[in-house]
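Colleague: Please take me through this model feature by feature, giving the general idea before the particular case.

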Amino acid sequence: MASEVGALRVRVHSDSQLVVSQVNGKYQVKEPLLLKYLEIVKGLFHCFLATKIHHIPRERNARVDVLSKLASTRSSGNNKSVIQEVIPAPTVILVVEVDKYWYSNIQSYLADGSLPSDPGLVRQTQRQAARYCLIDGKLYRRGLAQPLMKCISGDTIDYAYDPQFNDQRLREELDLIEEIRQRASVREAIIKSQSTRRHDKAVVRRAYDDGDLVLRRADVGNKNAAQGKLAENWEGPYRIVSGTGTGAYRLETLPGEPIPRTWNADKLRRYYS
């Protein structure tokens, strides 16, 4: 607009420190789209004898913000106090080249082992390729107990229309189900066994002889709840009568009165008189 009204010198104010620094060359522009916009801005600067762009605080740019919002919220021709221009299309169009198909990297890796040049896509391609297979140069997605699915362009997947081949693959997958279940069962048993060994390794076994004096945890007996925190944590002493051989013991009081039921060793503590 300044060029159309015949301005020779232009001073631009912006509250964006980033934009001002990029236009002045202090900051580097890395985004391809922003770089094209920067080239257009510098080209427009050549239309004037002198141009300057300055950074100003946001509070000093309030009037311009109001005008921009007014122009963007009202349709063209209804603003009498604002000079408004409608741009029907983007000033810059960035064309990005992409692979022809979404599965190109997977197909190339399965065909000849080639990997993409981007290091970030190498492991991703190798991981995804395990779920696909190549048959007569065409890429199919594997499936458990379901037909192979043919990969086509357009980010869509279609079933491979080969009934005989699909039936054969389906039977092969069904034959493997029992084997997969058995492997899962064995793996579960191994994990449980390892967990049990780790737990038992950390447990300190307590063994008592007949006639030993022990204390019993009060919270498994008749602890007096009325005493609250002041109640004793251990009660006794009691005398070991005999052991069951499984880590439990029969107890009696010092006068010789039997204590009902057996008591596990982890609920007992040796008493020293």
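Colleague: In which helix do Lys-192 and Glu-188 lie, and how many residues apart are they?

Modeller: Helices (H or I, at least four residues) and strands (E, at least two) are DSSP runs, numbered from the N terminus. Here Lys-192 and Glu-188 both belong to helix 6, where four residues, about one turn of the helix, separate them. Residues are numbered from 1 along each chain as its sequence is written, and side-chain values use heavy atoms, with hydrogens and water left out. This is a predicted model, in which local features need pLDDT of at least 70 and side-chain atom pairs count only at pLDDT 80 or more, whereas totals for chains, interfaces and linings use all residues.

Colleague: What is the mean pLDDT of the protein, and which elements have the lowest and the highest mean pLDDT?

Modeller: The pLDDT is the predictor's confidence in each residue, on a scale from 0 to 100. For the protein its mean is 78, with 74% of the residues reaching 70 or more. Among the elements, the lowest mean, 46, belongs to strand 6 (residues 156-159), and the highest, 91, to strand 9 (residues 248-252). The pLDDT is below 50 over residues 155-160, although in the model this stretch has 16 contacts (heavy atoms within 4.5 Å) beyond near neighbours in sequence.

Colleague: How many salt bridges does a search of the whole structure find, and what do Lys-192 and Glu-188 form?

Modeller: The criterion is a side-chain nitrogen of Lys or Arg within 4 Å of a carboxyl oxygen of Asp or Glu, and the search finds four salt bridges. One of them joins Lys-192 to Glu-188, with the closest N and O atoms 3.5 Å apart. For accessibility, buried means under 20% relative accessible area, exposed over 50% and partly exposed in between, with a 1.4 Å probe and protein chains only. Lys-192, at 52%, therefore counts as exposed, while Glu-188, at 44%, counts as partly exposed.

Colleague: Where do Arg-216 and Glu-235 lie, and are they buried or exposed?

Modeller: Arg-216 forms a salt bridge with Glu-235 in which the closest N and O atoms are 2.2 Å apart. Arg-216 is in strand 7 and Glu-235 in strand 8, so this pair ties together parts that are 19 residues apart in sequence. Both Arg-216 and Glu-235 are buried. A further salt bridge is made by the side chains of Arg-239 and Glu-252, at 3.2 Å from N to O. That pair links distant parts of the chain, with Arg-239 in strand 8 and Glu-252 in strand 9, 13 residues apart. Arg-239 is partly exposed at 24% relative accessible area, whereas Glu-252 is buried at 18%.

Colleague: What is the order of the strands in the open sheet, and which are its edge strands?

Modeller: Two strands pair if DSSP finds at least two bridges between them. The open sheet has five strands in the order 10-9-8-7-11, with antiparallel pairing. Strand 10 (263-264) and strand 11 (268-270) are the edge strands, each pairing on one side only. Strand 7 is joined to strand 11 by three bridges and to strand 8 (residues 234-243) by four. Residue by residue, Arg-216 stands opposite Leu-268 in strand 11, Leu-215 has Arg-269 of strand 11 as its bridge partner, and Val-214 has Tyr-238 of strand 8.

Colleague: Which Arg residues lie over the face of a Trp ring?

Modeller: A charge sits over a ring if NZ of Lys or CZ of Arg is within 6 Å of the ring centre and within 35 degrees of the ring normal. Arg-216 lies over the face of Trp-263, at 4.3 Å from the ring centre, and Arg-269 over that of Trp-234, at 4.6 Å.

Colleague: Why is the pair of Tyr-208 and Tyr-249 given the class it has?

Modeller: A pair of aromatic rings is described by the distance of the centres and the angle of the planes. Rings of Phe, Tyr and Trp (its six-membered ring) pair if their centres lie within 6.5 Å, and planes under 30 degrees apart count as stacked, over 60 as edge-to-face and the rest as tilted. The count comes to one aromatic pair. The ring centres of Tyr-208 and Tyr-249 are 5.6 Å apart and their planes stand at 80°, so the pair is edge-to-face. Tyr-208 is in the loop between helix 6 (163-202) and strand 7 (213-217) and Tyr-249 in strand 9, so the pair ties together parts 41 residues apart in sequence. Both Tyr-208 and Tyr-249 are buried.
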